[in-house]
Amino acid sequence: MNPTRRTVLKTSSALGLLVACGLVTSQQALAATGREGFSAKSLADALAAVGGTPADSKDIVITSPDIAENGAVVPVGVVSNIPGTSEIYFFVEKNPNPLAAMFRIPEGTNAAVQSRLKMGQSTNVVAVVKTADGKLYSATKETKVTLGGCGG
Amino acid sequence: MADPMKIRANAANGVTEVKVLMAHPMEAGIRKDAAGVVVPAHYITDVTVKHGERVVLQCLWGQSVSQNPYLAFKFKGGAKGDTVSVSWQDNLGESRTDQVTVA
Amino acid sequence: MPLSRVTWASLLGLVIAGSASAQSVSDEIAKYRAMLADGNPAELVEGQGEVLWTSKRGPKQVTLEACDLGKGPGVLAGAYAELPRYFKDTGKVMDAEARLVHCMVTLQGIERADIVRKPFSEQGERATDMEALAAYVSAASRDMKINLPQQHAEEKAAYARGKQAFFYRAGPHDFSCASCHSKNDQRIRLQDLPNLQQAAAARGAFASWPAYRVSQGAVRTMQWRMADCFRQQRFPQLEYNSQAAIDLITYLGVNAKGGTMAAPGLKR
Amino acid sequence: MHSKFITAALLGVLASSAALAAGPTTKDSADLAAFKASFRDKNEATVDRLEQSEAQRLCSQDAQRPLKPAQRKQIEQQATATVRYPADGNYLGDWKEGEKVAQNGRGLQSSDPKGTPAGGNCYACHKLDQKEIAFGNIGPSLQQYGKLRGGPTPEILKYTWAKIYNSHAFQACSVMPRFGAAGILTEKQMQDVMALLLAPESPVNQ
């Protein structure tokens, strides 16, 4: 990963966003084969692999528990109210490979999916939505993972 | 040979809700067994759900999806008696397809 | 920390803030469990158990469909909700797991040692035959009332022994079952500890085993639950199908009389 | 009924355990023998752990029918006599290490490989550092333990040490393990837990 581009991607100002949007096209080509993001070791790298820095959106709703009794199975649901949603990504920020899942939503399928993810520790869950015209939007929610039971 | 999936597909008001449970260890490749040996990665990478012949959802998954994965979503259309099929493939080349009649 | 809570703490002391946050934590845990309730992976294991129940297996190549789980040969519905019970043919009180082993040995001709060598799966492994059969058999009692018989002298004796075992303190930590399960409203970490002497809590516990444990990715049986409690009590290894295991399950099941079976459950 | 098992256990002390296993003379001792026969050795968790001390026998009974005040007093006195204070007079170790001991619930279980260091598992039952939300309520909250008691005064140091070492010294049949007397924690681990409870800079006292 090019460090200069990393810096740009991390900039979430309006200007940075425009720059990032400019990067989408080249990144899209990379993401076309689909699996590159899964080997990324940080959220920034994983986001870059799927197309760049998304814009925060209130039209994405993440349903996940505030506190998970066990990190091995954490229910996560994402609903996108953004018109033209074509892909939904689930990221678990602090996992060794943050990109957990990608869902391609064809015409006629509701832009809402539920699954269950592993979380090694308390972490942000980031949902990213890609629209048919290649724009990226995201929402973030924290889940606390607790130690349970008798402790051994 | 993997165990069969549990698939539910229910149609109501022109929308079909699909819920799937898949039997799979979803090993991330970082856990050590009792003898201290790392258990190799073994996880589902691709899932395709079809209504008849039409693809209604495609998934790419990584190691962070939980063991015995759960998937739920809805698509427009579908009627009682239609067929919904789910196929998965994993990183070791295993695969499985099961289908259910929409209720 | 929200401002309102800081204000509370400063006005009323930390004890109140502490209990308020404990309440919200248990509410969040309840939400987590509710979100998992739909889609219990134990269903996958029930399917595996059904195949075992209906397949011709063992040297004798017969199915388990003639197995008598206490309500007559082949009667599955409601059988789990009335176990452990006394069986005339063996002269013993047996729980579901002991009886399933008995059927596999007597009907199918499978060696007992081969069945009980490894009753519980390791993480990442497919469910064992015992886990799968327990899931399948318990599911056939779903929504039925827990009603362990206590007529036979051996059934009463098993309950009495189970009660004594429940209070038996030993080992380096001086623990008994009662250390954690004899008071109301207690938690270990964030997990509620049912007071198993009382009907309501005993019902909740008995009704929900076997259960899929998300922390282990496996269906665990009631005997596993007993053995794992003893492990955490720092006791030696509880033997599979041992008298203490069956006595304790009898104690719990009788205390749970009138509850409604909901197994296989889903647990942390 | 509830004291039968206990009586059997007491009889078991008089008879040798070998005699008990070989030929139980009453139904109760047969029940106890069958209970013990339901277990097997695994790792360091051996079946001799099922042999009760006198205090364990009495406390098993206490949970069903409370002991007499004189019996409780005797348990407390005997427990007090077991307490050994740190040889070097140093009560406070490193609170950061103490936090690790408080979080760790492993050790001495049949599933633990030989030599697994034991934790104190304090959070299973107590609230300590308020940042840890997963705490139990079997024991009282220990948040601000040192601060509320005016810091690590000589009296508080001695009392707290003894309480961790053998809780029965203050409350017969307490459910809290005897971390020192039963050899669960080392002297150093206890010093570290003491620091977690009493050091002014420990998160417990913030």
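Author: Let's start in chain C, where C:Cys67 and C:Cys103 are joined by a disulfide with an S to S distance of 2.0 Å (a disulfide being a pair of cysteine sulfur atoms within 2.5 Å). C:Cys67 sits in the loop between α3 (42-54) and β1 (85-87) of chain C, while C:Cys103 belongs to helix α4 (residues 96-106) of chain C, so the bond ties together parts that are 36 residues apart in sequence. Helices here are DSSP runs of H or I with at least four residues, strands are runs of E with at least two, and both are numbered from the N terminus. The link of C:Cys67 and C:Cys103 is right-handed, with 75° about the S-S bond. Both C:Cys67 and C:Cys103 are buried; buried means under 20% relative accessible area, exposed means over 50%, and partly exposed is in between, with a 1.4 Å probe and protein chains only.

Before going on, a word on where this comes from. This is a predicted model, in which local features need pLDDT of at least 70 and side-chain atom pairs count only at pLDDT 80 or more, whereas totals for chains, interfaces and linings use all residues. Residues are numbered from 1 along each chain as its sequence is written, chains are lettered from A and ligands numbered from 1 in the order in which they are written, and side-chain values use heavy atoms, with hydrogens and water left out.

Over all chains, the count comes to 2 disulfides. The D:Cys59 and D:Cys173 link is left-handed, at -80° about the S-S bond. D:Cys59 is in helix α4 (residues 54-62) of chain D and D:Cys173 is in the loop between α8 (154-165) and α9 (187-198) of chain D, so distant parts of the chain, 114 residues apart, get linked. Both D:Cys59 and D:Cys173 are buried.

C:Cys177 is in no disulfide, and the nearest cysteine sulfur, in C:Cys229, is 6.5 Å away. C:Cys177 counts as buried, at 11% relative accessibility. As for D:Cys125, the closest cysteine sulfur is that of C:Cys180, at 6.6 Å, which is too far for a bond. D:Cys125 is partly exposed, with a relative accessible area of 23%.

C:Arg99 pairs with C:Asp89, their closest N and O atoms being 2.8 Å apart. C:Asp89 lies in the loop between β1 and β2 (92-94) of chain C and C:Arg99 in helix α4 of chain C, so parts 10 residues apart in sequence are tied together. C:Asp89 counts as exposed at 52% relative accessibility, whereas C:Arg99 is buried at 2%.

D:Asp62 meets D:Arg72 at 3.2 Å, N to O. D:Arg72 lies in helix α5 (residues 69-82) of chain D and D:Asp62 in helix α4 of chain D, so this pair ties together parts that are 10 residues apart in sequence. D:Arg72 is partly exposed, with a relative accessible area of 25%, and D:Asp62 counts as buried at 15%.

That leaves the contacts between chains. Chain D and chain C bury about 4200 Å² between them, with carbon and sulfur atoms giving 55%; buried area is the accessible area (1.4 Å probe) that two parts lose on being put together, summed over both. Across this interface there are 3 salt bridges, and D:Arg40 forms a salt bridge with C:Glu239, with the closest N and O atoms 3.2 Å apart. On the side of chain D that touches chain C, α3 (27-36), β1 (39-40), α4 and α6 (95-103) each supply at least two residues, and the largest share, 5 residues, comes from α3(D).

For chain A and chain D, the buried area is about 520 Å², of which carbon and sulfur atoms give 58%. The interface of chain A and chain D has 0 salt bridges.

Note on methods: Salt bridge = Lys/Arg side-chain N within 4 Å of Asp/Glu carboxyl O.
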